Amino acid sequence: MSDDAKAAKELVETLKDGERGFASAADKLRNDDRPEWATTLQRLSEQRAGFHREIVAMGHEYGDEVDKSGSATAAVHRGWIALKDALTGDDAGSVLGAAVTGEDHAVTEYEKALKQDLSAGFRDVVTRQHAAVVAARDEVKALQIAD
């Protein structure tokens, strides 16, 4: 399996987790006294869905199937798993804290991918998405500070 395919599989799983995590967080905060936070989190969920589709489409161009689920062991280590616990309460700060944890993990996954021997085209996509994920993490951190 090429480095592109390995990195893509990991990133796709991370992006799917982020998409679900942000959507769940948005649902949780929708009735909070700050509905604009829910709007932001929903936008980030949709961003992750777009990134996921982009990487899967690139994989198909190369003949790689990168949208298959990873191992159960890998799932245990993904950063967005912490969000499940935070969503059991109504505390906006906890939900945002879990989202930041998930985004820290996503940034780490992108940085690991960028250390691999990626093709030029895929590296460009990963670099662009990495910058957007870092910006999203910083945006969620700003919401957390404002809480």
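Colleague: Which residues of α6 are buried?
Modeller: This is a predicted model. In α6 the buried residues are Phe-122, Val-125, Val-126, Gln-129, His-130, Ala-132, Val-133, Val-134, Ala-136, Arg-137, Val-140 and Leu-143.

Colleague: What makes Arg-137 buried?
Modeller: Its relative accessible area is 16%. Buried means under 20%, so Arg-137 counts as buried.

Colleague: What is the contact between Arg-137 and Asp-104 called, and why?
Modeller: A salt bridge, with N to O at 3.5 Å. The cut-off is within 4 Å, so the pair qualifies. Arg-137 lies in helix α6 and Asp-104 in helix α5, 33 residues apart. Asp-104, Arg-137 and Asp-138 are linked in a network of salt bridges.

Colleague: Why is Asp-104 called partly exposed?
Modeller: Its relative accessible area is 30%.

Colleague: Are Glu-103 and Arg-48 buried or exposed?
Modeller: Glu-103 has 0% relative accessibility and Arg-48 has 1%. Buried means under 20%, so both count as buried.

Colleague: What separates Glu-13 and Lys-16 in helix α1?
Modeller: About one helical turn, because they are 3 residues apart. Their side chains meet in a salt bridge at 3.3 Å, N to O.

Colleague: How many salt bridges are there by this rule?
Modeller: The count comes to 10.

Technical notes:
Residues are numbered from 1 along each chain as its sequence is written. This is a predicted model: local features need pLDDT of at least 70, side-chain atom pairs count only at pLDDT 80 or more; totals for chains, interfaces and linings use all residues. Side-chain values use heavy atoms; hydrogens and water are left out. Buried means under 20% relative accessible area, exposed over 50%, partly exposed in between (1.4 Å probe, protein chains only). Helices (H or I, at least four residues) and strands (E, at least two) are DSSP runs, numbered from the N terminus.
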